[in-house]
Amino acid sequence: MTKRMGALLLTLLLTVSLALTACSSKQEPKEALKTAAANASKLTSYEMSSNFTINELSYKPADESQQDPTMTQFMSMLKDAQFNVTGVYQSEPMQTEMTVSLELKGDMGMTFTIPMVMTAEKLYVKVPSIPFFPIPETVVGKFLELDLKELAEQEGTEWNPDAMDAAKTQKLSNEVMDAVLSEYDQDKFFKNVDVKDAQLPEGVDAKQVVQFSVTNDSVKEAVTVLVTKALPKVLDILSKEEYRDMLQLSQADIDQAKEDLNITEADQTEMSKDLDQLKETLTINKFNIDFALDKQDFPVYQKIAADLLIKPVDTKDEVKLAFTGSNTYTKINEKAAFKINIPTGENVITMQEFEELMNSSYGY
């Protein structure tokens with residue numbers, strides 16, 4: 001009996017300990033995002049899926065007689081438009097493949113799907129069949145090979161392989177994110193969202209979801225912090241030689257940007273007035289960015305949702321804009337399973353061959 005009771009007590013103690021460990025692993029919102037950003041640099045491979053959808057886009061002039069039918073048709077075509085990207089990435093050797101698709105709705109609805117593959121020095125783009133833009137059948141379906149080094153030389157710039165260095169790019173992104181987030185007040189702009197209420201897509205197993213949000217009440221402070229505090233710190237980061245070289249920026253360019261951000265007291269007063277007017281013009285019904293972290297604190301999902309109404313005080317015109325966007329990462333640091341692979345042989349066409357075929361098609 002004593003042994004059984006001891007075993008029960010030990011089991012209970014272990015259960016409580018595990019529960020406390022699980023609870024303590026949930027970090028404060030800002031700290032969780034900093035951890036996720038740092039861990040992003042440890043991603044050596046992954047599969048990804050991105051989506052951007054325009055849920056609402058409309059323009060209503062104060063005087064309805066001034067409604068432009070062409071503008072109305074254009075916005076109707078963009079409403080519910082979707083931009084999707086699926087792909088696979090690996091760092092060593094560097095290889096990325098993506099399938100990009102754009103779907104337009106309305107009377108002129110159409111869909112474009114463009115597979116592409118990128119290595120450290122080359123980009124392969126599959127030539128699509130585009131309505132109203134005749135492309136020779138001998139070209140459609142082939143992969144157009146673009147030599148990134150040659151393209152740089154043709155543009156009169158020096159080939160910079162660091163620009164394709166995903167690890168260095170991620171390191172820069174981490175530093176920028178850390179600098180920006182540190183300037184925003186946690187209680188005003190960040191909160192943890194219960195995982196079960198976060199509406200995560202199927203297959204995303206998250207430990208913690210952090211939300212960054214801006215409201216009508218906080219938009220003035222959000223913009224002020226960005227301009228006066230966050231951006232100057234970002235420019236200091238870009239001043240580092242490794243990043244200047246990667247982005248091909250000169251110190252003079254960065255110094256000029258710093259000078260432009262050097263806001264005087266009079267400038268701040270004027271900016272404050274402009275932001276007060278912005279609050280009268282812009283209504284933020286929703287502006288949230290959700291970040292989901294898995295058990296290893298990898299950033300496995302991000303989603304942005306915005307619902308805005310723009311109504312200039314002087315015209316009383318109305319523009320409604322609502323959109324959502326998301327990124328999902330799966331199979332993190334597993335062996336990359338490429339579906340397209342690097343094109344070879346008859347499936348590949350050079351830029352010179354492409355131009356010659358296009359010219360002959362049009363009789364040039």
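Between which two strands is the loop where lysine 331 is found? Lysine 331 is found in the loop between β11 (318-330) and β12 (348-350), where strands (E, at least two residues) and helices (H or I, at least four residues) are DSSP runs numbered from the N terminus.

This is a predicted model, in which local features need pLDDT of at least 70 and side-chain atom pairs count only at pLDDT 80 or more, while totals for chains, interfaces and linings use all residues. Residues are numbered from 1 along each chain as its sequence is written, and side-chain values use heavy atoms, with hydrogens and water left out.

Most residues other than glycine have a negative phi, and most peptide bonds are trans. Lysine 331, although not a glycine, has a positive phi of about 50°, and glutamine 248, in the loop between α8 (241-247) and α9 (251-261), likewise has a positive phi, near 55°. The peptide bond from glutamate 92 to proline 93 is cis, with omega near -15°, and proline 93 lies in the loop between β2 and β3 (95-104).

The table lists residues that count as partly exposed, a class lying between buried (under 20% relative accessible area) and exposed (over 50%), with a 1.4 Å probe and protein chains only.

| Residue | Relative accessible area |
|---|---|
| Phenylalanine 83 | 39% |
| Glutamine 248 | 46% |
| Lysine 331 | 45% |

Phenylalanine 83, placed in strand β2 (residues 82-90), is partly exposed.
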